[in-house]
Amino acid sequence: MNGSYSFRTRMILTFWIMLLAALLLPPWYYFRSLASQVLEESRENAIQQLDFVQWTLHREKQIPSAEDLNRLLVEIGDKLSVRLSYIAEGGKVIADSQVPFSEIPNLENHAARPEIIQSLSQEIGSSLRFSGTAGRDLMYMARRITGIAGIPPGVLRVAAPLSKMKEPVDRLKVSFLIFLGIFFIAIAAISYLLIRRLNNPIRALIETAEAISSRDYARRIRISPGHEFHPLTQAINRMADSIQVQIKTVTEQKQELEAVFNAMQECVMVLDSGGRIIRVNQTFARLSSGDDVIGRRPLEVISNPELQKISDDTIKATAGDTLAQPHNFQIVLGDERTYDVNIVGLPDQKKGRGAVAVFHEITELKRLEKVRQDFVANVSHELRTPLTSIKGYTETLLSEKKPDRETSQAFLQVILKNTNHMVKMVEDLLQLARLEAHQLPSKLISVNAASALLTAWRSCRHHAEGKNIQLESLLPPDGVLVSADFDQLVQVFRNLLENSIRYSPSDHPITAFCTLGSGEVTFAIRDEGPGISKKHHQRIFERFYRVEKHRGDQGGSTGLGLAICRHILLHHNGRIWVQSPNEGSTKGATFFFTLKKAPASSVTQSHS
Ligand code: ADP
């Protein structure tokens with residue numbers, strides 16, 4: 001019953017059974033005893049009537065015929081308001097007070113009637129049954145009679161209606177049943193209303209408890225169905241309070257971790273025990289091609305078989321409570337980015353063990369390492385030639401068979417030239433290093449670029465004079481104001497002019513010009529030299545990159561000049577590029593660079 005019926009149904013059923021028992025049992029008992037009393041009284045009445053009829057018949061001396069007997073029974077029966085019958089021993093009816101004498105022979109044999117059978121064996125017999133003739137219940141009482149007034153032996157029977165009590169009792173029964181019916185309907189209605197009144201708060205209580213269990217932790221039970229429920233409602237409310245606090249704490253911690261997880265520079269991928277991705281951080285998008293990575297295997301997202309294999313191995317090795325040793329390896333992805341990968345086994349609460357992989361990008365580190373290696377190799381290579389030369393000439397000068405004075409002078413000149421070259425290279429390298437390390441802050445003020453060009457030309461003019469090279473400046477006569485560091489701008493012009501002088505044929509001028517754009521000025525230094533083929537245009541701005549191998553030795557070249565220019569212009573938010581051959585020509589090179597125009601109201605620094 002516990003399982004199949006609700007608490008409410010059980011309560012209602014119990015209540016109704018008790019109510020029915022309380023209401024029906026006493027009246028039932030009462031009516032039962034009334035009925036047996038009515039029966040007893042009817043029985044006694046019938047016996048008394050039988051006694052009376054018998055006594056009356058005894059007073060008759062002789063009843064000559066059946067018809068006389070019948071008449072007598074009719075008379076007595078009328079007086080007593082009962083039906084009287086006389087039945088012969090074989091069951092044949094001889095006289096009946098309520099049946100015309102002529103029809104008596106037609107009456108059926110009464111031998112089988114229970115009161116007749118009983119009276120024949122026990123002198124007196126009775127039976128209560130419905131009489132078709134009277135249309136109601138009658139008490140039949142029969143007594144065996146022998147030798148009265150010459151009547152043949154037989155059974156005298158009286159059929160009397162039940163006691164007068166019977167009808168009022170029956171009416172009372174009906175009224176009682178009607179009252180009971182009305183009472184039950186009223187009780188049913190009242191109990192329905194009561195249950196509803198109790199039911200609503202209980203339902204509200206259940207709904208609130210369900211809402212809390214469905215994560216609506218702000219819900220509370222406000223109305224209690226009754227004071228017996230207070231401990232329950234208070235317990236549920238307290239539970240909701242504590243869950244709310246805990247959820248808040250957990251949510252905050254989760255959000256913090258989420259923020260950390262997503263803010264991490266490293267890409268993170270979490271795998272379940274089946275080797276499928278269950279979580280990634282936002283940075284991970286850099287590694288994967290598609291958005292939908294959850295549920296996929298690492299190989300489907302990052303095409304690197306080694307990663308897949310190590311992930312699988314880590315998950316397999318993570319057995320029981322012991323975590324496998326972390327694996328560390330490097331992978332290079334399609335776009336040439338290098339990652340340092342750490343995979344470690346991870347307990348996965350739901351499905352056993354998983355793994356977490358952290359990808360740390362080391363592309364820049366690798367590049368810097370390579371730059372450093374290249375740099376060392378380049379510097380060693382660049383220094384080796386002049387050093388070898390200096391060593392060779394110095395050894396010759398110190399040898400026993402000393403060269404003559406003139407040759408010695410020439411040797412010393414070579415040594416000096418190589419030494420100067422090395423000094424210049426070291427100076428250039430130092431300047432480049434300072435520029436890269438931002439140790440040379442560019443003081444950006446309004447300067448006259450024409451003045452910087454002139455200063456630069458003066459410092460390298462002696463090289464030009466030897467080749468009869470002139471500078472043709474097409475810069476505006478009243479100067480060009482730009483936002484720059486004067487010394488660094490001089491250096492850019494000087495490096496470009498030195499290159500132009502170096503590569504220009506004799507007697508060909510170098511031209512400097514500029515174009516004014518909106519917000520910036522583009523400067524150009526043009527020469528008529530051999531020019532630079534297109535494939536070198538990008539690379540000549542790299543350190544130590546030279547095209548000279550195709551052109552033979554160009555004295556004083558360190559391969560660092562343009563790299564310095566590029567760095568200085570980077571500090572000025574400018575650009576530098578080369579065009580070669582010159583416009584409308586098959587040779588020559590023009591170097592362009594841009595600088596920001598000086599703000600109109602700024603102070604101008606100018607050198608003459
Ligand atoms: P360098 O000290 O050797 O001149 P740069 O960095 O200034 O170094 O130049 C890099 C290379 O670019 C040079 O070695 C040369 O091959 C090429 N180059 C630079 N300027 C010119 C120019 N005006 N004409 C032809 N080639 C040039």
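Reading the terms in this predicted model

Q: What makes Ser 81 buried or exposed in this predicted model?
A: Ser 81 has a relative accessible area of 54%. Exposed means over 50%, so Ser 81 is exposed.

Q: Where does Ser 81 lie, and what is its phi?
A: Ser 81 lies in the loop between α2 (66–80) and β1 (83–88). Its phi is near 60°, a positive value in a residue other than glycine. Most residues other than glycine have a negative phi.

Q: Why is Glu 123 called partly exposed?
A: The relative accessibility of Glu 123 is 46%. The label covers values between under 20%, which is buried, and over 50%, which is exposed; Glu 123 therefore counts as partly exposed. Glu 123 sits in the loop between α3 (114–122) and β3 (124–131), and its phi is positive, at about 75°, although Glu 123 is not a glycine.

Q: How do you know whether the peptide bond from Ser 580 to Pro 581 is cis or trans?
A: Its omega is near 0°, and the bond is cis. Most peptide bonds are trans. Pro 581 belongs to the loop between β16 and β17.

Q: Which strands of the open sheet are called edge strands, and what makes them so?
A: The sheet has 5 strands in the order β12-β14-β15-β17-β16, with mixed pairing. Its edge strands are β12 (471–473) and β16 (576–579), each of which pairs on one side only. From one strand to the next, the twist averages 20°.

Q: Why do β15 and β17 count as paired?
A: Two strands pair if there are at least two bridges between them. Strand β15 (residues 520–527) and strand β17 (residues 589–596) are joined by 8 bridges, so they meet the definition. The two strands run antiparallel. Arg 526 has Thr 590 in β17 as its bridge partner.

Q: How do you know which strands helix α12 touches?
A: Contact means heavy atoms within 4.5 Å. Helix α12 (residues 561–571) packs on the sheet and touches β16 and β17, and its direction makes about 25° with that of β17.

Q: What makes a set of residues a nonpolar core, and which residues have the most contacts inside the largest one?
A: The members are buried nonpolar residues joined through side-chain atoms within 4.5 Å. The largest nonpolar core has 52 residues, and Val 482, Leu 489, Phe 523 and Phe 593 have the most contacts inside it. Helix α11 (residues 486–503) gives the most to this core, with 8 residues. A second, separate core has 26 residues, including Leu 84 and Met 139.

Note on methods:
Residues numbered from 1 in each chain as written. Predicted model: local features only at pLDDT ≥ 70, side-chain atom pairs only at ≥ 80, totals over all residues. Heavy atoms only, no water. Buried < 20%, exposed > 50% of the residue type's maximum accessible area, 1.4 Å probe, protein only. Helix = DSSP H or I, 4+ residues; strand = E, 2+ residues; numbered from the N terminus. Axes fitted to C-alpha atoms, helices over the stretch in contact; angles between N-to-C directions.
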